[in-house]
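Subject: The two-chain model, with notes

Hi there,

Here is the structure I promised to pass on.

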Amino acid sequence: MSEKKATRVGYGEALVELGKVNDKVIVLDADLSKSTMTTYFSKAFPERFYNCGIAEANMVTMAAGMASTGLIPFCSTFAVFASRCYEQIRNGVCYPRLNVKLAYTHAGISVGEDGATHQAIEDIAIMRALPGMTILAPCDAEEAKRAVFAAAEMEGPVYLRLARLATPVFSEGMPFEIGKANILREGTDVAIITCGLMVEASMNAAELLAKEGISAAVINMHTIKPLDEAIVKAYAAKMPLVTVEEHSIIGGLGDAVAAVVAENGGKLKKIGINDCFGQSGKPDALLDYYGLTPEKVSASIKAYLK
Amino acid sequence: MDLQTLKATCTEIRKDIIYMLSKSGSGHPGGSLSIVEILEALYGYKMNVDPADPKKADRDRFVLSKGHACPALYATLANNGFFGKEHYDGLRQLGGILQGHPDQHKCPGIDANTGSLGHGVSVATGMALGLKHQGSKAHVYTLLGDGESQEGMVWEALMAAAHYHLDNLTIMWDWNGLQIDGRNEDVMSLGDFPAKLRAFGLDLLVVEDGNDLSQVIKALDTPVTPGMPRGILFKTVKGKGVSFMEGDAGWHGKTPNAEQTAQALKELEG
């Protein structure tokens, strides 16, 4: 648990490893390669890296054109630009079912100081609405690597949600199968379903709850679409659920789980960004302000269970 | 190449466009009729494509960025053997392969899903880059509208095409001067369009009559400048070949009634 590494760094490293074994993999970036960490790939395989300049819409659609010739383009920019090029992703990538991987970094409020313009809190919501889109939100740098390989392995569009902030690496040895959640901790009173950076926070929250006599399961829902509905149903039948995500409570993991609960029964509380934009601040200060630290999450869950 | 045969096919394509649109009661005649010579010069003469193997790896590609003009593309593909004309009756109908805008998974010979204006140059640029990356000799063609060029993304793509020296890419315009709300000049002026395109790094040709097959073919046969994407501005007439549709923006997205259809077919049959 000592090493800290951002999921974007795990992504950048994984691309280089992937590039060595799959020559169909190419990478596109929009002048952010030093931030999205595609710079590792551009140095290792300069002839397979295409900078598109500050022109995200063209980048996404060009990637679609490249995919149609048999290549596997990984396309990177900030997650906030998921909405900037949404129509390109819809009509250019998803509708023709092209093999484009959108690996977008700087998701969530943990972006920090850059503030609301750069903090994507709605990207999962809009990506979920697209037919055929797979959405992966890895919990740490190691899981990000596994997600990159899994994304390359499957045919079709993938949205990979990555973070800027360096966070502890704890997922060594965990399996990664798209659409199959990982149970990280068993519990009997409440099940926390979470993804991305909130997985570690939820594990720590479960630890705090245990000290107060509350037994919390923690489920790492690294794939938000297609959602592992079986695991949601199984836990909803046994205990109340809580979703924790660094995303708006509208349209994200919480609502994906809510749809399963609404149709199959169960109780659910959603924890996330409460329908507001972020702001500037240190990442830790923001996570605290928006109630996403282990302390705040465990307090919210305790209050909910009362 | 037999110019007379290609010309005769252009007439067939125009008749098929009128038939299809009249039958479906929905679609875009004006911008379909203006591009017939360009499409037939590509599919009947210039492009390396095989109707028996429409997805073969080393084929030339065509992206109809102005996807609403797909009746012209459908008729061109059918007349060149990609599928049977019995599909015409299914244009824009439930379950048909001829969608309101082209679908590469439904219709043989379609290389890209288009119809959302502004996308095509980016798709074609990506294809040209991808083919070049893999050492293919294939050429990529795309055709867009003048009004469509008001989309900012077009210019992003032009920058990329020049930046990556895509001399395996030909970007063509159906320069008929009209769009849905009227003349380009009135809706949103393109200014000195050829100068803008040259400034973006295109090796540009201007064809005075893009509805004259021999001029179209001459432009397509003009050798490219190594390291530069080719641009071709085809001056065309919207609604070309049907007197009452020619040069009238009102026929952008309106289909002919029975009487108008009869008259159009009569004119085309000469």
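This is a predicted model: local features need pLDDT of at least 70, side-chain atom pairs count only at pLDDT 80 or more; totals for chains, interfaces and linings use all residues.

**Chain A: two domains and what joins them**

Chain A splits into domain 1, residues 4-168, and domain 2, residues 182-305. Their centres, taken over C-alpha atoms, are 25 Å apart. Where the two meet, 28 residues of domain 1 of chain A are in contact with 29 residues of domain 2 of chain A. On the domain 1 side, the elements that supply two or more residues are helix H7 (123-128), strand S6 (134-136), helix H8 (141-153) and strand S8 (167-168) of chain A. By class, that side of domain 1 has 15 nonpolar, seven polar and six charged residues.

Leaving out residues up to four places away in sequence, A:Ile192 touches A:Ser202, A:Ala205, A:Ala206, A:Ala216, A:Ala217, A:Val218, A:Ile219, A:Val242 and A:Val244.

**Backbone details in chain A**

Most residues other than glycine have a negative phi, and most peptide bonds are trans.

- A:Arg97 is not a glycine, yet its phi is positive, at about 55°. A:Arg97 sits in the loop between H6 and strand S5 (101-105) of chain A. With 16 other C-beta atoms within 10 Å, A:Arg97 is partly exposed.
- A:His106, also not a glycine, has a positive phi of about 60°. Its place is the loop between S5 and H7 of chain A. A:His106 counts as buried because it has 26 C-beta neighbours inside 10 Å, the cut-off for buried being 20 or more.
- The peptide bond from A:Lys225 to A:Pro226 is cis, with omega near -5°. A:Pro226 belongs to the loop between strand S12 (223-225) and helix H10 (229-236) of chain A.

**Where the chains meet**

Between the chains, 22 residues of chain A are in contact with 21 residues of chain B. On the chain A side, H4 and helix H6 (86-94) each supply at least two residues. H4(A) gives the most to that side, with eight residues. The chain A side divides into 12 nonpolar, nine polar and one charged residues.

**Chain B: overall form**

Chain B has 10 helices and seven strands. Along the principal axes, its C-alpha atoms fill a box of roughly 50 × 45 × 35 Å. For 270 residues, a compact globule would have a radius of gyration near 18 Å, and the 17 Å of chain B agrees with that. Buried residues make up 53% of the 270 residues in chain B. Among the contacts in chain B with a separation of 6 or more, 76% join residues 24 or more positions apart.

**Chain B: helices H1 and H4**

Helix H1 (residues 3-24) of chain B has 22 residues, which at 1.5 Å a residue should span 32 Å; its end C-alpha atoms are 31 Å apart, in agreement. The buried residues of H1(B) are B:Thr9, B:Cys10, B:Ile13, B:Arg14, B:Asp16, B:Ile17, B:Ile18, B:Met20 and B:Leu21. Their cover includes helix H2 (30-33), helix H3 (36-46), helix H4 (70-79), helix H9 (213-221) and helix H10 (258-269) of chain B. Just after H1(B) comes B:Gly25, with a positive phi of about 70°.

H4(B) is mostly covered, with nine of its 10 residues buried. Those residues are B:Cys70, B:Pro71, B:Ala72, B:Leu73, B:Tyr74, B:Ala75, B:Thr76, B:Leu77 and B:Ala78. H1, H2, H3 and strand S1 (61-64) of chain B are among what covers them. H4(B) is followed by B:Gly81, whose phi is positive, near 90°.

Best wishes

Key:
Residues are numbered from 1 along each chain as its sequence is written. Chains are lettered from A and ligands numbered from 1 in the order in which they are written. Helices (H or I, at least four residues) and strands (E, at least two) are DSSP runs, numbered from the N terminus. The expected span of a helix is 1.5 Å times one less than its number of residues. A residue is buried if 20 or more other C-beta atoms lie within 10 Å of its own, exposed if 12 or fewer, and partly exposed in between; C-beta atoms are placed from the backbone. Two residues are in contact if their C-beta atoms, placed from the backbone, lie within 7 Å. Domain bounds come from an automatic or database domain assignment. Ala, Val, Leu, Ile, Met, Phe, Trp, Tyr, Cys and Pro count as nonpolar, Asp, Glu, Lys and Arg as charged, and the others, Gly among them, as polar. The radius of gyration is taken over C-alpha atoms; the globule rule is 2.2 Å times the number of residues to the power 0.38.
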